Amino acid sequence: MVLLSPFVYWAQTSKIISLKIDLRNAEKPNIDVIENNIKFSAQGFGAHGFSNYVFNLDLFASIKLSKDEQKTTIKVYENRIEVVLEKNEAAWWPRLTAQPQKPAWLKINFDQWKTEDDGGSEEDTRDVTKDYPGMYDKLHKEEFGYRKEEVKKVYLILYNLFQFIGFTYVLCVMMVRFFKLDYASIEGTYEHVGGAMKFLQLMMFLEVMHPLFRYTKGSPLVAFLQVGGRAFVLFAMIDAEPRMQTKPVVFYLFCIWTLIEVVRYPFYIAQLYRKEIYLLTWLRYTLWIPLYPLGILCEAIVILRNIPYFEESGKFTISLPNEWNFAFHLPNFLRVYLLILAFPGMFFVMKHMHKLRTVKLKPKIIIKKCK
């Protein structure tokens, strides 16, 4: 059952909070006010016609409650309900609710809106649009103190969703082909999903830019090494050497990569929404235990098997003499890469992931107070 909420318009001074509930002909409104919460329920005519309307607001700070003195004023009119709450401490609130996200039905009451610069005068009446040119539109967009879905958050959600769908597509294509053709499907893996995998890998370079623009936390250098290492294997080792594209190791490597990503990107989306899904968190910080070593092993096999191919073809190798007086022998570089970068890199990545797993999956300690 969908619970309907009326439109609620709010304003403040340094001492009070005023709410105007847009509900006509309200019948027996039930308003429960506690120190930092207000609950409302009533029948009446609202935005969705005659129905039951409810809302629950956790307030930014506490309000005054006293049995001896009435601190909350409630007035029921034919076309609205007005509630006045007295703040526990005289101060200007940056927003009404405790949470930074604003409910869609909560609006600003421009007829009574004041700012701290106004000095909180109750008697002064004025037109907001005249006193603050452009403020009306600004308040409609920002609504003072609320962080709506910021552009960067929407972008990150769309990016992670796109990558999740892309890697899910690659995994599904490989699995469907494998169940239909069995082992014979492995040889054509790169032919069928190589293009999609290359596009998704290029998109991952945006993850190097995210820390630079402070869209995400982390080191751009670490992100570049992770993304660049995979791109090197995909573009320089597999895409550049057709003889490698039909090898079974490519199928296994793509399976490992996609399994990691179809868990990683939904986890990031959940984190953006601040939702803690334990199974997803557990998979994110557990699957790496078998998959990371297997992935690095498959990458090492691709590089190792490519060494004789590049010895034969001379691709990417620069020989002397030349106008730059510079020589580069790719097979030797690949040997050094395996010796210095690949396996030591696996150690540092595994160590880093182990630390994260210890923090994320540590048991929660609950302390109970004895009465």
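1. In what sense do strand 3 and strand 4 pair, and over how many bridges? In this predicted model, strand 4, which spans residues 37-46, pairs with strand 3 in the antiparallel sense, and 7 bridges connect the two. Within this part of the chain, Glu27 stands opposite Gln43 of strand 4.

2. For the chain as a whole, the secondary structure comprises 11 helices and 8 strands. Of its 371 residues, 39% count as buried, and the chain exposes about 22500 Å², of which carbon and sulfur atoms supply 61%. Where contacts with a separation of 6 or more are considered, 65% of those in the chain are accounted for by residues 24 or more positions apart.

3. A separate point concerns the surface, where Leu206, Met209, Leu212, Phe213 and Tyr215 make a nonpolar patch of about 460 Å². Met209, one of these residues, is found in helix 5, which covers residues 206-212. Is Met209 buried, partly exposed or exposed? Its relative accessibility is 35%, and Met209 therefore counts as partly exposed, because that class lies between the limit for buried, under 20%, and the limit for exposed, over 50%.

Key
Residues numbered from 1 in each chain as written. Predicted model: local features only at pLDDT ≥ 70, side-chain atom pairs only at ≥ 80, totals over all residues. Heavy atoms only, no water. Patch = residues over 30% accessible without salt bridge, like charges linked within 9 Å, V, L, I, M, F, W, Y side chains within 5 Å. Areas by Shrake-Rupley, 256 points an atom, 1.4 Å probe, with all protein chains shown as cover. Salt bridge = Lys/Arg side-chain N within 4 Å of Asp/Glu carboxyl O. Helix = DSSP H or I, 4+ residues; strand = E, 2+ residues; numbered from the N terminus. Buried < 20%, exposed > 50% of the residue type's maximum accessible area, 1.4 Å probe, protein only. Contact = heavy atoms within 4.5 Å. Pairing = 2+ DSSP bridges.
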